[in-house]
Amino acid sequence: MTPAAEPDRFFGGRLTLHQPPRGAHRAGTDAVLLARWIAPEPGETVADLGAATGAVGLTVAHLVPECRAVLVERDPALAALARENVVANSLDGRVSVIEADLLASGAARRAAGLVPDSADLVLTNPPFFAGPGHRPSPDAGRAAAHAFAAEDGLEAWMRACADLARPGGRIGLIHRADALPACLDALKGRFGDCAVRPVHARADRPAIRVLIAGRKGSRAPFRLLPPLVLQEADGRFTPEAAALHGRI
């Protein structure tokens with residue numbers, strides 16, 4: 001995969017991200033929101049699952065220098081770009097890349113280097129669709145990033161997340177707003193203390209995303225948090241969204 005001619009700059013240019021050309025799967029606002037959703041504690045290990053070029057894990061490592069991040073990506077070309085981004089941001093030594101398929105068997109994941117109960121915090125932006133009920137992208141990489149091949153893909157993905165999280169470890173994910181019931185079903189029995197923050201493009205419009213947090217093995221009750229609104233009526237970022245993107 002040939003990266004874009006010029007790398008993207010995140011957080012006012014403080015983070016460099018080599019990405020595939022436009023039209024392929026590229027990190028954007030979803031990655032920023034997920035990376036800023038749950039802050040790790042100093043010394044913790046963060047697993048960015050389905051990392052693509054590493055935007056989420058690299059952002060966390062950039063913002064919390066005392067943590068370690070593991071970027072997990074199955075696509076060899078995207079994993080290569082993630083490794084390039086680790087070096088470009090001088091994060092080698094604290095950020096590693098593992099090429100592995102989360103939906104493979106537990107034995108295959110372990111053989112690839114994914115150790116059960118090893119992550120204090122799991123962050124993930126799983127594929128948004130499953131099965132044949134959507135129109136796939138003509139770009140093969142984008143199509144694979146956006147959709148599970150099987151209807152039970154989200155359930156299997158959350159099972160792998162739970163396998164990698166340590167007892168009491170946390171999970172953070174972002175998904176389509178209409179997928180909230182499916183996400184909560186997939187988390188049930190694995191993660192409790194679930195908190196949901198709806199994300200709205202504008203205050204007068206329905207939510208387009210949900211940010212979800214949970215803790216492995218917890219039985220604490222569900223919480224619905226105040227919404228995050230991304231844009232003012234004139235299209236400018238709200239102050240909170242601007243701060244999350246490092247614009248102010």
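The following legends describe close-up views of a predicted model. Residues are numbered from 1 along each chain as its sequence is written, and side-chain values use heavy atoms, with hydrogens and water left out. Because the model is predicted, local features need pLDDT of at least 70 and side-chain atom pairs count only at pLDDT 80 or more, whereas totals for chains, interfaces and linings use all residues.

**View A. Helix α3 and its ends.** Helix α3 comprises the 13 residues 76-88; helices (H or I, at least four residues) and strands (E, at least two) are DSSP runs, numbered from the N terminus. Asp-75 caps the N-terminal end of α3, with a side-chain oxygen 2.8 Å from the backbone nitrogen of Ala-77. Just after α3, Ser-90 adopts a positive phi of about 55°.

**View B. The buried side of α3.** Leu-78, Ala-79, Leu-81, Ala-82, Asn-85 and Val-86 are the buried residues of α3. They cover an arc of only 160° around the axis, which places them on the same side of α3; the arc is that of the directions from the helix axis to the C-beta atoms. Buried means under 20% relative accessible area, exposed over 50%, and partly exposed in between (1.4 Å probe, protein chains only). An α-helix has 3.6 residues a turn, so residues three or four places apart point the same way. The cover over the buried residues of α3 includes β2 (15-17), α2 (55-63), β4 (68-73) and β5 (95-99), where contact means heavy atoms within 4.5 Å.

**View C. Strand β10 and its partners.** Of the 12 residues of strand β10 (residues 191-202), 11 are buried, so β10 is largely enclosed by the rest of the structure. Two strands pair if DSSP finds at least two bridges between them. Strand β11 (residues 207-216) runs antiparallel to β10 and is joined to it by eight bridges; the two form a hairpin with four residues between them. Within this pairing, His-200 stands opposite Ala-207 of β11. Strand β12 (residues 223-224) is parallel to β10, with two bridges, and Arg-223 in β12 is the bridge partner of Ala-195. Three bridges link β10 to strand β13 (residues 228-231), also in the parallel sense, and Val-199 has Leu-228 in β13 as its bridge partner.

**View D. Two buried cysteines.** Cys-67 counts as buried at 2% relative accessibility, and Cys-183 counts as buried at 2%. The structure holds zero disulfides, a disulfide being a pair of cysteine sulfur atoms within 2.5 Å.

Conventions
Expected span 1.5 Å × (residues − 1). Polar contact = N/O pair within 3.5 Å; in protein donor to acceptor, adjacent residues only side chain to side chain.
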